Amino acid sequence: MAHVQRFDHIGITVADLESATAFFVGLGLEVEGTGSVEGEFVETVCGIPGAKCEIAMLRPPGEGSRLELSSFVTPDHIPGSPAPMANEIGLRNVSFEVGDLQAAVDAVAADGYGLIGGIGEYENSVRMAYVRGPEGIIVSLFEQIA
């Protein structure tokens, strides 16, 4: 019996919720809602007594899975690797299809976020690049070309 009914969202914990939200909005996601959670529910789910966090839920235009950005108010953040690479164990990347890869790369570069490597092409069907987003998040941007 399959337990999963649908893919809902990916959650990423960040220190600076405002700048992380602005980055993803700049790529074209839309803010679906913001808020904060604290109390028994979040303490139970996270297993962190005294947990309180601010949340921004973002969604792609049209339909699709959402991206939840969370920033803990309490307890203090625990820093992760400042510049993780694709082979580091854990969340590898968040991937988005874009209409014009070069334009998307140029747009994030204008905000100070650069390529990890370069723009690659796979079998004349897709072009893709990894961008180092806010707080070291690896963001995969790809464009269908076939």
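Student: I'd like to learn to read the charged pairs here. What joins the side chains of E32 and R59?

Tutor: A salt bridge, with N and O 3.9 Å apart. The term stands for a side-chain nitrogen of Lys or Arg within 4 Å of a carboxyl oxygen of Asp or Glu. Before we go on, please keep in mind that this is a predicted model, in which local features need pLDDT of at least 70 and side-chain atom pairs count only at pLDDT 80 or more, while totals for chains, interfaces and linings use all residues. Residues are numbered from 1 along each chain as its sequence is written, and side-chain values use heavy atoms, with hydrogens and water left out.

Student: Why does the pair of E32 and R59 tie together parts that are apart in sequence?

Tutor: Look at the strands, which are DSSP runs of E with at least two residues; helices are runs of H or I with at least four, and both are numbered from the N terminus. E32 belongs to β2 and R59 to β3, so their pairing links parts 27 residues apart in sequence.

Student: Which other residue meets R59 in a salt bridge?

Tutor: E30 does, at 2.6 Å from N to O. Here too β2 is tied to β3, because E30 sits in the former and R59 in the latter, 29 residues apart in sequence. Both bridges belong to a network that links R6, D8, E30, E32, R59 and R66.

Student: How many salt bridges are there by this rule?

Tutor: The count is 7. One of them joins E143 to R127, whose closest N and O atoms are 3.0 Å apart. E143 is in β8 and R127 in β7, so this pair connects parts 16 residues apart in sequence.

Student: Is E143 buried or exposed?

Tutor: Relative accessible area decides: buried is under 20%, exposed is over 50%, and partly exposed lies in between (1.4 Å probe, protein chains only). At 13%, E143 counts as buried. R127, at 22%, is partly exposed.

Student: Which side chain of opposite charge is nearest to E68?

Tutor: For charge, Lys and Arg count as positive and Asp and Glu as negative, leaving out His and the chain ends. The nearest one for E68 is R66, 7.8 Å away, and E68 is buried without a salt bridge. E68 lies in β4, residues 66-74. Contact, meaning heavy atoms within 4.5 Å, shows what surrounds this residue: leaving out residues up to four places away in sequence, E68 touches H9, I10, G11, I12, I55, A56 and M57.

Student: Let's turn to the helices. Which residues of α1 are buried?

Tutor: L17, A20, T21, F23 and F24 are. To read a face, take the arc of the directions from the helix axis to the C-beta atoms. In α1 the buried residues fall within an arc of 155°, so they line one face of the helix. E18 and G26, on the other side, are exposed. The cover over the buried residues includes β2, β3, β4, β5, α3 and β8.

Student: What does D16 do at the start of α1?

Tutor: Think of a polar contact: N or O atoms within 3.5 Å, where within protein one must be able to donate a hydrogen and the other to accept it, and residues adjacent in sequence count only if both atoms are side-chain atoms. A side-chain oxygen of D16 comes within 3.2 Å of the backbone nitrogen of E18. After α1 comes G28, with a positive phi near 120°.

Student: And which residues are buried in α3?

Tutor: L101, A104, V105 and V108.

Student: How many residues does the largest nonpolar core have?

Tutor: Such a core is a set of buried Ala, Val, Leu, Ile, Met, Phe, Trp, Tyr and Cys residues joined through side-chain atoms within 4.5 Å. The largest has 24 residues, and those with the most contacts inside it are I12, F24, L67, L69, F96, V139 and L141. At least two core residues come from each of α1, β3, β4, β5, α3, β7 and β8. A separate second core has 5 residues, among them A51, C53, I55 and F72.
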